[in-house]
Amino acid sequence: MVLWRHGQTEWNLEGRLQGQTDVPLDEIGREQAQTAARLLAALEPSVVISSDLDRAAETARALARLVKLEVELDEGLRETYVGTWQGLTDEEIKTKFPDEYAAWRKDHYHQRRGGGEVEAEVADRAVAAIERALERVPDRGTLVVVTHGGTARVSIARLLNLPEQLTGVLGGLSNCCWSILGEGHRGWRLLEHNAGSLPEPVIGDDANDTEDADDADDGDDGDDGDA
């Protein structure tokens, strides 16, 4: 199974939480999708599923065209819904919602950003979508899941049976990078994480969910709630 994050968007660069706002890929994001698709095509995927948000669907279509498959869209793979925080930068959130922001910084797992979803709810719907797709994958086949940074991270944690408090040990996915899980006798195993042609910075919603979020805020990191 490959979990692949969408390419870059303008909001990624601006450091705006995208969440479920339907922001398209920018020119660099489209180029990233084309480059990554050529690499992932070598895995000969059997099924390609994607979030129905445009930035993920367009990324998925770059691969589907090469391997002659249809992209199956599933809204269960959307990024975390972050309510009133969507479209805002980290600094804007701190200014407009200081108490809510402080509470979330203390408890990433149970506090609702902008009244939106918590991680467990995102994992519930995303893993359900993945499991539905796995039923259509033949033996020794490969499923490619095109989604968003935050959704990919919590899905991987759930598939690996990591306790909720250990979700943060997984770093965020860079734009158009992916993780690969392999099926073993005792369940899924993480074979590769945040892989791509070259290392890329993690920018987007999920950058602010990592343990080093304070450092990330000083650099290029911004926004799938999207990351």
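Read along the sequence, the chain runs β-α-α-β-α-β-α-α-α-β-α-β-β-α, which comes to eight helices and six strands. Helices (H or I, at least four residues) and strands (E, at least two) are DSSP runs, numbered from the N terminus. The model is predicted: local features need pLDDT of at least 70, side-chain atom pairs count only at pLDDT 80 or more, and totals for chains, interfaces and linings use all residues. Residues are numbered from 1 along each chain as its sequence is written, and side-chain values use heavy atoms, with hydrogens and water left out.

**Burial**
- Of the 227 residues of the chain, 54% count as buried, meaning under 20% relative accessible area with a 1.4 Å probe, protein chains only.

**Helices H6 and H7**
- The axes (lines fitted to C-alpha atoms over the stretch in contact, with angles from 0 to 180 degrees between N-to-C directions) of H6 (residues 119–134) and H7 (residues 149–159) come within 8 Å and cross at roughly 75°.
- H6 and H7 are therefore roughly perpendicular to each other, a term for angles of 65 to 115 degrees.
- Residues in contact (heavy atoms within 4.5 Å) include Val 127 and Ile 130 in H6 and Val 154 and Leu 159 in H7.

**Val 145**
- Val 145 lies in strand S4 (residues 143–147) and counts as buried because its relative accessibility is 0%.
- Leu 3 is 142 residues from Val 145 in sequence, yet their C-alpha atoms are 4.8 Å apart in space.
- Not counting residues up to four places away in sequence, Val 145 touches Met 1, Val 2, Leu 3, Trp 4, Ile 49, Leu 77 and Ile 130.

Key:
Angles under 35 degrees count as roughly parallel, over 145 as roughly antiparallel, 65 to 115 as roughly perpendicular and the rest as oblique. Buried means under 20% relative accessible area, exposed over 50%, partly exposed in between (1.4 Å probe, protein chains only).
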